Amino acid sequence: MQAESSCSTTRLLACLLIHLAVLLLCSIQQSAALALGRLANYSDDLAEAVVQNEILPQLVYSLAEQNRFYKKAAGYCLRAVVKHSPELAQAVVDSGALDSLVTCLEEFDPGVKEAATWCLGYIAGHNTELAQQVVDAGAVPLLVLCVQEPELSLKRVAASALSDIAKHTPELAQVVVDAGAVSYLAPLLVNQDAKLKRQVCSALGQVAKHSVDLAEVVVEAEVFPKCLTCLKYPDEFVRKHAATLVREVVKHTPELAQLVVANGGVGGLVEYCNDSTGNNRLPAVMALGYIAAFSETLALAVIAEKGLAPLCAAVAEETEDHLRAAAAWSLGQVGRHTPDHAKAVADTGVLLTLVGLESAAGSSEDLSTKCRRALKSIVAKLTSLPALDALVHQQLPETVMKMVLEQVGKVLANDPAGRTQFVHSGGLAAVQQMAEAPGSKLKEVIEIINSCYPEEVVRYYSPSYSQQLLQKLESMAAGA
C-alpha cells in the first residue's frame with residue numbers, strides 16, 4: 001500500500017514537472033506551482049522531491065518573468081519548501097531565489113509582496129547564517145515598507161519576518177532598528193487585529209532582548225503603557241507575546257524595570273500570571289523575578305502587588321520542571337534582599353514546597369538547583385524566629401536543615417527574648433534530638449545554638465536527660 005502511494009506521488013510529481021516546464025499556458029503553470037506547493041507543504045520528503053527534481057530554477061526564473069498570479073503561486077511553493085529545514089532553505093537560497101524574492105517586495109500587488117515576505121521570513125527564521133543572507137540581499141528596508149502598507153495580512157507577515165531576522169543576534173537586530181522598523185511597529189500595538197498585535201509584540205521583544213541599547217530604542221518608541229494593555233487582551237497569544245516583551249525589557253537594568261513598575265506593569269503581570277497556566281505563564285513569572293532582582297524597592301513592589309501568590313501557585317501547581325524552576329528562581333529574587341522580604345516569602349508557606357522539590361527524586365537537576373539556591377538566599381535573610389522554628393520541626397534533608405539551624409543560631413545570638421520563645425515552641429528540644437541522632441552531621445551548628453543557653457537548660461531538653469536522672473536515682477538507691 002505504501003509502495004503504491006509512493007509510486008503515485010512520484011508519477012504526480014513527474015506530471016506536474018512536465019506541466020511546469022513545458023506548457024506555455026500561464027494558468028496551467030500557476031495551477032502546477034500551487035499543486036507543487038501543497039505537496040511540498042505536506043512533508044519534508046515531498047519538499048525534498050521538489051528540490052531534487054530541479055524545479056527550483058524554473059520557479060525562481062518565473063518570479064522575475066511571469067505575471068502576478070504566477071508569482072504568488074511560485075512564492076507559495078518556495079515558502080512550502082523552505083519552512084521545513086535549514087538545508088531546504090539553503091537549497092532555495094542557492095538557486096538564486098533571494099534576489100527575485102526581494103524584487104517581489106517592490107511589486108505593486110500586495111499578494112505578491114505577501115508571498116515573498118512569507119518566504120523570506122521562513123528562510124531567516126532558521127539560523128543566523130540564513131538570516132544574514134536575507135539581510136545582505138537588501139530585504140529589511142523593503143520589509144519595513146511592507147509594515148506601512150494598508151493591508152493587514154501584509155503587515156502581519158512583514159512584522160513576523162522582521163521578528164525572525166532580529167531574533168538571532170544583536171547585529172541583526174541592529175539592522176532592523178537602523179531600518180526604522182521600531183518606530184513603525186510600536187504604533188501598531190494599539191491596532192485591534194489580534195494576529196497583528198501578536199507579531200508586533202514578538203518583533204519588538206526580539207529586538208529588545210539582545211542589549212540595553214536595543215531595549216532602550218524599543219522603550220523610546222513609547223511602547224509603554226500601550227504594551228501593558230495587551231496583557232489584558234482577549235487573545236491568549238497576544239497576552240503571552242506582550243508579557244514576553246515586558247520580560248525582555250525589564251531584564252536589562254534597574255531603570256528599565258522601574259519604568260515598567262511606574263507604568264503599572266507589575267499589577268498587569270500579576271493579573272496575567274494569575275489567569276494563565278503552563279508555558280503561557282512563563283514570561284510573566286520570569287519578568288517578576290527580573291524586576292525583583294534589581295533592588296529591595298522593586299522587590300517590595302512585587303510583594304505589594306500580591307505577586308507572591310501566583311509565583312507560589314506556579315511552584316505548587318505546574319507540572320513542567322522548567323516552569324517550577326523559573327517560579328522558584330523568582331521567589332528567591334524577591335526574598336533575598338532584607339529580613340522583611342524573606343519573611344513575606346516564608347509567610348506564604350512555599351519554603352516547604354521548595355524543600356520537597358529540591359529533594360524529590362523526579363526533579364530535574366535545574367529544578368533542584370533553583371530550589372536550593374532560592375532556599376539559601378531566603379533563609380540567609382530570614383530573621384523571623386517563628387518562620388525558622390516551623391522549618392526546624394519538619395523532616396528536612398540534612399543540607400537544608402544545616403542551613404536553617406545556622407540561621408537559627410545567628411538569630412538567637414542577637415535575640416534574648418527569642419531564646420525563651422524557641423524553648424516554649426519545642427524548637428530547642430527538636431534540635432537536641434537531632435544532635436543525638438546516629439551519624440548526625442549537624443553537631444557543629446547545634447553547638448552554636450546550645451551556646452545561647454545555660455548548660456542546665458540544654459541538658460534538660462536533651463532526650464537522654466531522663467535516663468541520666470534515672471541513673472542518678474538508681475545510684476542513690478544503691479548507695480543507701
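1. A residue counts as buried under 20% relative accessible area, as exposed over 50%, and as partly exposed in between (1.4 Å probe, protein chains only). Glutamate 222 is therefore exposed, with a relative accessible area of 55%. Glutamate 222 also has a positive phi of about 65°, although it is not a glycine. Its place is the loop between H15 and H16.

2. This is a predicted model: local features need pLDDT of at least 70, side-chain atom pairs count only at pLDDT 80 or more, and totals for chains, interfaces and linings use all residues. Residues are numbered from 1 along each chain as its sequence is written, and side-chain values use heavy atoms, with hydrogens and water left out.

3. Helices are DSSP runs (H or I, at least four residues), numbered from the N terminus. The loop between H15 and helix H16 (226-229) also holds proline 225. The peptide bond from phenylalanine 224 to proline 225 is cis, with omega near 5°.

4. Look next at lysine 306, in the loop between helix H21 (296-304) and helix H22 (308-317). Its phi is near 60°, a positive value in a residue other than glycine. Lysine 306 is exposed, because its relative accessible area is 64%.

5. How many of the 15 residues of H11 are buried? Eleven are, and the helix is mostly covered. Among them are Leu154, Val157 and Ile165.

6. Helix H11 (residues 152-166) should span 21 Å, at 1.5 Å a residue for its 15 residues. The expected span is 1.5 Å times one less than the number of residues. The end C-alpha atoms of H11 are 21 Å apart, which agrees.

Notes
Helix = DSSP H or I, 4+ residues; strand = E, 2+ residues; numbered from the N terminus.
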